[in-house]
Amino acid sequence: MLKISKLKFFIVLFLILLIPVSKEYRLLLFGTRTEGIAVGYGEIKGKSTLPTGFYYTFFRFDAGSGNFEIRGPENAIYELGDKARVIYDKKDPNKSIIFSFAYLYSSPNAMIPGVLVLFWIALYTSFAKPGRNQKSYRKPSS
């Protein structure tokens, strides 16, 4: 029978949760940080003419060589004029991210790690010993 210790479970869980962050590790480590200002809103258009219901905020930031815009996280609506931390590549300011939990973990790139987390939790709980977290109960003798 497969045995997974709590330590191994949490290490693997931590590594799975790092996947969306690791995709942007170069920007996070070596990117230039600045503030972006919310300047407008947009809607993600689907293939049909019906509204999708997914909205985002545009942020404008100054990269030294001019102003650039970045799309904010989906369904996280900011008020116009709100500020957010933007990290961009000095060589190519179009390569930029908003440094926030919502931006990193609500993007489509976070879907696969989300499924992996669910799978990992299901695997761990299915191989856990029965009654592992339960106190043993003895019936009092009469």
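**Second largest pocket**

The structure described here is a predicted model. The volume of this second largest pocket is about 210 Å³.

Its lining includes Lys23, Glu24, Arg26, Asp89, Lys90 and Lys91. Tyr25, Leu27, Phe30 and Tyr88 also take part, as do Gly31 and Thr32. Helix 3, residues 25–30, makes the greatest contribution to this lining, with four residues.

**Largest pocket**

The largest pocket reaches a volume of about 260 Å³. Its lining is made up of 15 residues, and those nearest the centre of the pocket are Glu24, Tyr103, Ser107, Pro108 and Asn109. Two elements, strand 3 and helix 4 (101–105), each supply two or more residues to the lining.

By class, the lining of the largest pocket contains seven nonpolar, four polar and four charged residues. Glu24 belongs to this lining and is also listed in the lining of the second largest pocket.

The model contains an open sheet of five strands, arranged in the order 3-2-1-4-5 with antiparallel pairing. Strand 3 (67–71) and strand 5 (96–98) form the edges, each pairing on one side only. On average, neighbouring strands of the sheet are turned by 40 degrees against each other, with direction ignored. In general, the strands of a sheet pair through backbone hydrogen bonds, in either a parallel or an antiparallel manner.

Strand 4, which covers residues 83–88, runs antiparallel to strand 5 and is joined to strand 5 by three bridges. Within this part of the sheet, Ile87 is placed opposite Ile97 of strand 5.

**Packing of helix 1 and helix 5**

Helix 1 (residues 6–17) and helix 5 (residues 111–126) have axes that come within 9 Å and cross at roughly 170 degrees. The two helices are therefore roughly antiparallel to each other, because angles over 145 degrees count as roughly antiparallel.

On the side of helix 1, the contact is made by Lys6, Lys8, Phe9, Val12, Leu13, Ile16 and Leu17. Helix 5 contributes Pro113, Leu116, Val117, Trp120, Ile121 and Tyr124. Divided by class, the residues of this contact comprise eleven nonpolar, no polar and two charged.

Technical notes
Residues numbered from 1 in each chain as written. Predicted model: local features only at pLDDT ≥ 70, side-chain atom pairs only at ≥ 80, totals over all residues. Heavy atoms only, no water. Pairing = 2+ DSSP bridges. Axes fitted to C-alpha atoms, helices over the stretch in contact; angles between N-to-C directions. Parallel < 35°, antiparallel > 145°, perpendicular 65-115°, else oblique. Contact = heavy atoms within 4.5 Å. Nonpolar A, V, L, I, M, F, W, Y, C, P; charged D, E, K, R; others polar. 1 Å grid on protein atoms, 1.4 Å probe; cavity = no way out; pocket = protein on both sides within 12 Å on 5 of 7 lines; lining within 4 Å. Points joined across faces, edges and corners; volume = space filled by probe spheres on them.
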